[in-house]
Amino acid sequence: MTRYMLRRLLQTVPVLFGVSLLAFAIMRVVPGDPVRLIAGPDAPESVVVRVRTELGLDRPLHVQYLSFLSRALHGDLGRSLRSRSPVAGEILSRFPATLELTTVSMIMAVLVGIPLGLVAAVRRSSWVDYLAMGASLSTLSMPIFWVAIVAIWLFSLQLGWLPVSGRAGPVWQWDGLRHIVLPAATLATTSVAIISRLTRSGMLDVLGREYVTTARAKGVPPLGVVGKHALANALIPVVTVVGLQYGFLLGGAVVTETIFAWPGVGRLAMTAILQRDYPVVQGCVLLVATVFVLINLLVDLLYGWLDPRIRYE
Amino acid sequence: MSEIWRRFAKHRLAVTGLGVVVGLAIMASGARQIAPHDPLRQDLPHALAKPSAEFPLGTDEFGRCILSRILFGARLSLLVGVIATAIGATAGILLGLTAGYFPRADAPVMRCMDVLLAFPGILLAIAVVAALGPSLGNVMIAVGIRSVPSFARVSRSMVLSLKELEFVQGAAALGASHARVLFGHILPNSVSPLLVFSSMQVATAILLAAILSFLGLGVQPPTPEWGKMVSDGRAYLMDAPHVSLFPGLAIFIAVMGFNCLGDGLRDALDPRVGRVAVE
């Protein structure tokens, strides 16, 4: 196990290195001069030269990359070209909002998705099953921004139950809770669909196994069969997907955060990309990809713990 | 072939999916004939009109016919979906074949794919378009890049399972070149899983392209594009929700069509993945 963990950890090093290289490259090798954006289109040449030197953009690319990498490893992601404040600080100040949104939406997704898949599997080929699976297939085909807009239209504009957008304090306060419901539910839709489908197919697979038949034959009550014998085994793949989805959403909630004006990392990244704020884009991309890679690692290890049959050789 | 068709036709959802896709293709190619109005003609007195006999799906903030714009938008969405997938498939399959066939190339290629996979798809696509500039071609490239690692993985696994089989080993033993083994023997036998996968990827590509336009990174106005139409309609959500809701519905139906088609193709082409497990 330890050897596997070490090997798995070592594997992530080149991936993270590649991520940093790509994050650095993507905004540099392309047309469009950030210096012009900052100094203004009519700035005299002397100002342009000074700004370029100040930002270190006059140095060769490989020098820029090496200094970016070594400073990033010390937790220094540079300063935003716009606000002039440290990028690491900007990201850290947005991260709680993203973490909160993602966590609430994953809790929603698990609370809805697992029971839905369970009922669909147990009442297989009934109307509940068709309804649940039809709904999850449709959800997977809906653009998330459209889901968000329909939700805003229905729950905010028509019914007036929930606020349209923004964040108003932490989730444990009434107003904060009211603000998080729509964005979290919107973000949860895809996960609900994935989780319920997986739970259902996992349950169907397990319910046909001999040990479940044995448990039934022994006279274990139906709820005990489903709950204790089947569910525990059916949920193993679900754990993986919940983990991956969580890691993915921690950085990928760009669209939801933009629509609901949620002050998180996704919205920060989106704004920075549009403004060509290189250091902020790099910082966000680096953080998002790193979190994703690390959660992948964690999920792999958790999987082995849940299913001891998996041998790491 | 008839066996495949029989299995496909049994799958009601798949037939529906095929119907939707064919319908979309007809709408897209015949947009000029079917559309009741010019999708670009502004008619300000009729701005934000509710659905009526003259404008079956209502009008937008410039009084343009939403139905006509959706019909013309179908061209763009299909084009982007198919071409982006073709870009991703070409690059991904070449990389996957290389990685699977040449052991020395395996680790470097697949580690690069891991790097691409570590980026959330949307963020990567946004960054590529923001960097290259918003245009139809760049959207296709951005959306295509995102599917490269998945195509590489699928085709690599196909190579790994096929290259040990006797007919492939035999071809190699008879002196066939690497290229001939790869493109003459391995690739043709990988067509069905790749076809299934491509159909699902077209769905994802349409979705992703719509997100890009929604964020203002796609085709520029006044070209009718579904994602952009949803985005533009947001400002009038209170009084004229149809401006946003109908184009979104179009995206949903198109994506659903390709997803169902993929599902049906999988069941029809690949009897190993029987419906026993999923039914």
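R84(A) counts as exposed because it has 7 C-beta neighbours inside 10 Å. The cut-offs are 20 or more other C-beta atoms within 10 Å for buried, 12 or fewer for exposed, and in between for partly exposed, with C-beta atoms placed from the backbone.

The model is predicted: local features need pLDDT of at least 70 and side-chain atom pairs count only at pLDDT 80 or more, while totals for chains, interfaces and linings use all residues. Residues are numbered from 1 along each chain as its sequence is written, and chains are lettered from A and ligands numbered from 1 in the order in which they are written.

**Chain A**

Chain A has 14 helices and 0 strands. Both kinds of element are DSSP runs, numbered from the N terminus: helices are H or I with at least four residues, strands are E with at least two. The C-alpha atoms of chain A fill a box of roughly 85 × 60 × 35 Å along the principal axes. Of the 313 residues in chain A, 39% are buried. Among contacts in chain A with a separation of 6 or more, 71% join residues 24 or more positions apart. A contact here means C-beta atoms, placed from the backbone, within 7 Å.

Q11(A) and L297(A) are 286 residues apart along the chain, with their C-alpha atoms separated by 9.7 Å. Q11(A) sits in helix α1 (residues 2–26) of chain A. Q11(A) has 14 C-beta neighbours inside 10 Å, so it counts as partly exposed.

Two loop residues in chain A have positive phi. R84(A) has phi near 65°, a positive value in a residue other than glycine. R84(A) lies in the loop between α4 (61–73) and α5 (87–122) of chain A. A261(A) is not glycine either, and its phi is near 50°. A261(A) belongs to the loop between α12 (254–259) and α13 (265–275) of chain A. With 13 C-beta neighbours inside 10 Å, A261(A) is partly exposed.

**Helix packing in chain B**

Helix α4 (residues 66–101) of chain B has 36 residues. Its first and last C-alpha atoms are 50 Å apart, close to the 52 Å expected at 1.5 Å a residue. The expected span is 1.5 Å times one less than the number of residues. Since 26 of its 36 residues are buried, α4(B) is largely enclosed by the rest of the structure.

Axes are lines fitted to C-alpha atoms over the stretch in contact, and angles run from 0 to 180 degrees between N-to-C directions.

| Helix pair | Angle between axes | Distance between axes |
|---|---|---|
| α1 (residues 2–10) and α12 (residues 242–269) of chain B | about 135° | 8 Å |
| α2 (residues 12–29) of chain B and α4(B) | about 115° | 7 Å |
| α11 (residues 226–233) of chain B and α12(B) | about 155° | 7 Å |

Angles under 35 degrees count as roughly parallel, over 145 as roughly antiparallel, 65 to 115 as roughly perpendicular and the rest as oblique. A crossing is left-handed if the near helix is turned anticlockwise from the far one by less than a right angle, and right-handed if clockwise. Residue classes are nonpolar (Ala, Val, Leu, Ile, Met, Phe, Trp, Tyr, Cys and Pro), charged (Asp, Glu, Lys and Arg) and polar (the others, Gly among them).

α11(B) and α12(B) are roughly antiparallel to each other. α11(B) passes α12(B) in a left-handed crossing. From α11(B), the contact uses W226(B), G227(B), M229(B), V230(B) and G233(B). From α12(B), it uses V243(B), S244(B), P247(B), G248(B), A250(B) and I251(B). By class, the contact of α11(B) with α12(B) has 7 nonpolar, 4 polar and no charged residues.

α1(B) passes α12(B) in a right-handed crossing. I4(B), R7(B) and F8(B) of α1(B) meet G264(B), D267(B), A268(B) and L269(B) of α12(B). The residues of this contact of α1(B) with α12(B) are 4 nonpolar, 1 polar and 2 charged.

α2(B) is roughly perpendicular to α4(B). The crossing of α2(B) and α4(B) is left-handed. L24(B), A25(B), M27(B) and A28(B) of α2(B) meet L71(B), A74(B), R75(B) and L78(B) of α4(B). The contact of α2(B) with α4(B) divides into 7 nonpolar, no polar and 1 charged residue.

**Where the chains meet**

The contact takes 38 residues from chain A and 35 residues from chain B. On the side of chain B, α5 (103–117), α6 (121–132), α10 (191–214) and α12 each supply at least two residues. α12(B) gives the most, with 8 residues. The side of chain B that touches chain A has 29 nonpolar, 3 polar and 3 charged residues.

Conventions
Contact = placed C-beta atoms within 7 Å.
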